[in-house]
Amino acid sequence: MALVGSGSKLSRQQVGGAEQVLPVVLAQASRTEFFDSERREMAAMESPLERLPGAVLQAIVSQLDMASICAVATSCRLLRACAGDVLPRLSTITLVDVEAEAMVVERLLAGNTELKSLTLKCSKLDDGIIKALTKPQLHTLCLSGCDHFSAKLLNEIAVKCPLLKMLSLELGWCEDNSFSSIALEQLLIGCSQLESLRLRSDGCCFDTMAYASIPCLAASSLKALEIGYVKERKAKQILDVNADAKLQRNNGFSFSKLEKLSLVLDRITDSLLSLVAQRLSYLLELDLRDEPSEEPLAALDLTNTGVQQVGKCQLLRRLSLVRSQDCHPASFKRVSDLGIFLMAECCSNLESVRLGGFSRITDAGCRAVLHISSKLHTFELSNTPQLTDLAFHDLPLTPLVLECVSLASCILLSDYSVQHLALCKNLQSLNLKGCKSVGDGSMQAISYLSKLRVLALNGSDLSDHGLAVLGKGIAPLTLISLRGCHRVTDNGVAALLAGGLVNTLESMDLSGIAGLTDNATLAIVRAKMRNLEELRFRGCSSVGDTSVISLASAHSKDTGHGGTLRLLDLWNCRGVSAVSLKWFRKPYFPRLHWLGISSSLRQEILLSVIKVRPSVNIFCDGTELGRMFSGEGDDVDDNYRGHDEEDELERWLDSDDGL
């Protein structure tokens, strides 16, 4: 339920939502009086909203998310006062798409003694805000973008937040390792009830002794551990409970109760997997990803023996072994089908399998994974160049319940494989990025998937005809990526939107398609897509000012000019000039958060846009914006939605008297 006020009064339909919470608060309403008799008489002559008991209004507002509470606070004085009463009693605050200033965070958290969960993006914050963040009653604390914090953050969390059960920190500092190590040890000792610990950073923040302290000092209740980036030799210290005998005697904690382990490493080795199998007998989820900057030495690289060790974790439900090729085009050259066979024999309970960079796996290995368990719902195999259609030949005879399939960069697959995969009627996500032989022939089968929400066809052989077939189907797609589909033209985009997809699509990636012009944008505008939030035209050289003006001119009853767009990527669209930049000023594109444009535009013009729209993140360097379905081992965040948080915070701060 969401109450969003646009004027001094809310509509009767919005007020009607109060009926859902009336039974819960009637008792409280009888005991709590917010309005005196004179005010009640005055309210009787005003809006129906003001006739509601104050306790009822307060109960309604307390069930809203942060964005809606801020919207309520800007609608009228009555609701602003009610929101002011609710904020100090919120048990959960989540601001993940907002780079909030310290002043905003302090105002939101001031006086709150009931906050149990706090999720915050901290890219504009530093040590000065630590006191406000570390509340003693917190059970969940998730802080991302902690680039400007020091080790003091860990120290304060250890002292001020003893009840924490879940802690997630994305660190960004590089200080004296010994100092950071002490801070980590204090954190592990102070937070004695931790059930989930997640530490992410671009580089190694702690030395070997710090990692060795994790299994010895961490709470006995710890069930999930995520660390990265970390060197493989340091990661083994996490699993070696005998690394520090002194700490072990003082604590005696058995690390074998861990249920989830996630590591981002420089390399995955046999010895690491051997330690995992030996120490973590209760493991349910294993997620290992390495990012080698050069070709790993053959003697130290993962082999069939290491993969076989995974089979010893017989309770395993989710497995992910991925070699990223972002830094170097490396692969697991010493792992063959034999290793997959040996692993599959023992892992009969797997529900999710993700393998990336196994260049020697063939159809036989793929089939072994597909038949590994009747409970398998997620199957991802990327950068496997030897995979062919034969891997899916007998798929119709298999009682699979597949929901998510990713076959990125499997260049030998054709429409034949896709047609067989489409027999899995529960499919919700299908990634065929880089499958160059997939084309129009499989679109009919895909269009009949009644649960399919995410479809990536990057670089495929798709044409306008295939898009027309897809547009006439029943697949309720919310995200479609056609990046690099060179046979697609303006007519194909129009045909895609001629059916029901106009009501479901939330994200479209049309980047790198030379045949697209402003007419494609005009087709999108004419379709009146009421849910479209993300639109990408990166590298479409024929897209220009007409596209920007048409998108800005599109009017929506609920959002005004510019519609529902939150992300617009026009990087390297050579037709976009300074003429169209004025259309990014208010009141156009009211919900826009991310904007990608070419750096060739004059800097003073860009600065003028930044000045009038400080809440819009503008990128001119070609940075990929938002969260995308890359298909290279990344998760598909099906639950992702753009939020109104930053818009509403901006309005709240601009209000005359605030809360």
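Modeller: Happy to. One term before we start: buried means under 20% relative accessible area, exposed over 50%, and partly exposed in between, with a 1.4 Å probe and protein chains only. This is a predicted model, where local features need pLDDT of at least 70, side-chain atom pairs count only at pLDDT 80 or more, and totals for chains, interfaces and linings use all residues. Residues are numbered from 1 along each chain as its sequence is written, and side-chain values use heavy atoms, with hydrogens and water left out.

Colleague: What is the mean pLDDT of the protein chain?
Modeller: The mean is 83, and 83% of the residues reach 70 or more. pLDDT is the predictor's confidence in each residue, from 0 to 100.

Colleague: Where does pLDDT stay under 50?
Modeller: Residues 1-39 are one such stretch, with 58 contacts beyond four places in sequence in the model. Residues 630-646 are another, with 49 such contacts. Contact here means heavy atoms within 4.5 Å. Where pLDDT is low, the predicted coordinates should not be read in detail.

Colleague: Okay, the overall picture then. How many helices and strands does the protein chain have?
Modeller: There are 26 helices and 22 strands. Both are DSSP runs numbered from the N terminus: helices are H or I with at least four residues, strands are E with at least two. Of the 659 residues, 56% count as buried. Among contacts with a separation of 6 or more, 76% are between residues 24 or more positions apart.

Colleague: Which residues have the most contacts inside the largest nonpolar core?
Modeller: F392, L407 and M508, in a core of 186 residues. A nonpolar core is a set of buried Ala, Val, Leu, Ile, Met, Phe, Trp, Tyr and Cys residues joined through side-chain atoms within 4.5 Å. Leaving aside neighbours within four places in sequence, the contacts of F392 include L407, F379, L413 and H420.

Colleague: Let's zoom in on E285. Is that residue buried or exposed?
Modeller: E285 counts as buried because its relative accessibility is 19%. The residue sits in strand β8, residues 285-290.

Colleague: Which side chain does the side chain of E285 make a polar contact with?
Modeller: With the side chain of R318, at 3.1 Å. A polar contact is a pair of N or O atoms within 3.5 Å; within protein, one must be able to donate a hydrogen and the other to accept it, and residues adjacent in sequence count only if both atoms are side-chain atoms. Beyond four places in sequence, E285 also touches E259, K260, L261 and L316.

Colleague: What about R200?
Modeller: R200 lies in strand β5, residues 196-201, and is buried, with a relative accessible area of 17%. The C-alpha atoms of R200 and Y229 are 6.4 Å apart, although 29 residues separate them along the chain. Y229 is in strand β6, residues 224-230, and a cis peptide bond joins G228 to Y229, with omega about 0°.

Colleague: Which residues does the other cis bond you spotted join?
Modeller: K586 and P587, with omega about 10°. P587 is in the loop between α24 (578-581) and β21 (594-596).

Colleague: How many aromatic pairs turn up in the whole structure?
Modeller: The search finds 3. One of them is W583 with Y588, which is tilted, 4.9 Å centre to centre and 50° between the planes. F584 and F589 have ring centres 5.2 Å apart and planes at 25°, so that pair is stacked. Rings of Phe, Tyr and Trp (its six-membered ring) pair if their centres lie within 6.5 Å; planes under 30 degrees apart count as stacked, over 60 as edge-to-face and the rest as tilted.

Colleague: Last one: which residues have a positive phi without being glycine?
Modeller: N383, with phi of about 55°, and K528, with phi near 55°, are among them. N383 is in the loop between β11 (378-382) and β12 (404-406) and is buried, with a relative accessible area of 17%. K528 is in the loop between α22 (518-527) and β17 (534-536) and counts as exposed at 70% relative accessibility.
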